[in-house]
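Work through the exercises below with the sequence and the coordinates at hand. Try each task before reading its solution.

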Amino acid sequence: MSNLLATVVLANTQRTIGIIVAIVLIVGFGIGVIVNMRKGRAEVGSELELAANRRPYMDDEELETKKLDRTLGLGLATLAVIGVTLPLYWLAEPGRQEDAVANFEEVFVSRGEDLYVNGAQCASCHGPEGVGGVANFTLTGDNGDFIASVSWKAPSLDDVLFRYTAEEVKSILIYGRAFSPMPAWGAEGGGPLTDQQLDNIVDYLFSIQLSAEEARAAVDEQIETVCAPDADGNCTTNDPASPGGSVRYETLGEAIFNLGLYDGFAGGSYSCGRCHTKGWSYGEPQVPGGGAMGPNLTGGSTLRQFPTAQSQIDFVTNYQPFGTAYGQFGLSEGAMPGFGANPNAIDPETARLSPDQVMLTQEQIAAVVEYERSL
């Protein structure tokens, strides 16, 4: 706060000095013009005697003393003014530029928030400040036939940049997500928003990301509520939001795999079932890990894809950019998020988030991998 106040005071002082100098120069210029105009009046009507080339001027003694001294003095004073004001200006220039950048960011975030709340109304599905929510969706068959209207869990966005890069989030905004309520918003995908507007929404999303402590506390509390694992990673309590409160997950890994299934915690953003279990997103889960938008994880497929548990843990931990090779003959399409390493905190030069802002801990990821390899 004190730094900001000092910057403001310095900026105001700099501006005040600049205004005073400008006024002095303008007034001086005006006085010079008026003086010269008044001198010219005496010559009117006496051109033969008072023309500039006939009028007696200063002799050499006066010209090279008083006149020369006044001219040199005026020039020296002007140089003194410039010598004082220019350093003052450049002294405050870095702060001015930083303030300008901060102002740009504030404007972009404000515009993104307006789009999130009012323009594109992202909040109607993803909740205020991206806490997660529900979207109405119509399930259709292969021929477009109506199947059912469902309430689809819309993932929280106050952690979306824990697991996706800004570019991936923008790509999702542009093209939407097929087979889900997420429509295309970018012009390239047939949506109504410009590239700049999408960037503003991403800027806003950066501004609402949870702190590492907030995210960790929320996940730990949720795990304790739906599983309360013992020292061996076995659940000791039922999920109270399940039908009749009767569902008890066997292990911590299974509980995390389904985190938010019944109570909609964070719109399912911390779970794996949201993508890998058909019907999970609208509360009618079918075969656990049987595949939906994400690949089938059952029948030993993960064992074939990843020869070791550690290679699968590494895959789940890190965001896999499009075209990245993984496991046995795997090639990433860029849709698999990173659950244990924040892709927006890796490069110190460009990082916008902290490395500890992650979805799950390594122990939690290991528990999930163990569960998936048992399917």
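This is a predicted model: local features need pLDDT of at least 70, side-chain atom pairs count only at pLDDT 80 or more; totals for chains, interfaces and linings use all residues.

**Exercise 1.** Determine which residues form a nonpolar patch on the surface together with I31, and state where I31 lies.

*Solution.* Begin with the secondary structure, in which I31 belongs to helix α1, spanning residues 2–41. Then collect the patch on the surface, which is made up of I19, I23, V27, I31 and V35 and has about 430 Å² of accessible area in total.

**Exercise 2.** Describe how strands β1 and β2 are joined, and find the bridge partner of T138 in β2.

*Solution.* First take the limits of the strands, residues 133–140 for β1 and residues 146–154 for β2; the two run antiparallel and are joined by eight bridges. Next look up T138, whose bridge partner in β2 is S149. Finally examine the connection: five residues separate β1 and β2 in this hairpin, and G144, which sits in the turn, has a positive phi of about 85°.

**Exercise 3.** Characterise the largest nonpolar core, and trace the residues that V219 touches.

*Solution.* The largest nonpolar core contains 34 residues, and V219, L259, Y270, L360 and I365 are those with the most contacts inside it. Two or more of its residues come from each of α8 (212–226), α9 (252–257), α12 (309–317) and α13 (362–372), with α13 giving the largest share, five residues. Leaving aside residues up to four places away in sequence, V219 touches L259, F265, Y270, M359, L360 and Q364. Apart from this core lies another, of 25 residues, which includes C122, V160, V169 and W185.

Conventions. Residues are numbered from 1 along each chain as its sequence is written. Side-chain values use heavy atoms; hydrogens and water are left out. Patches are made of residues with over 30% relative accessible area and no salt bridge: like charges are joined within 9 Å, nonpolar side chains (Val, Leu, Ile, Met, Phe, Trp, Tyr) within 5 Å. Accessible areas come from the Shrake-Rupley method with a 1.4 Å probe; for residues, only the protein chains shown count as cover. A salt bridge is a side-chain nitrogen of Lys or Arg within 4 Å of a carboxyl oxygen of Asp or Glu. Helices (H or I, at least four residues) and strands (E, at least two) are DSSP runs, numbered from the N terminus. Two strands pair if DSSP finds at least two bridges between them. A nonpolar core is a set of buried Ala, Val, Leu, Ile, Met, Phe, Trp, Tyr and Cys residues joined through side-chain atoms within 4.5 Å. Buried means under 20% relative accessible area, exposed over 50%, partly exposed in between (1.4 Å probe, protein chains only). Contact means heavy atoms within 4.5 Å.
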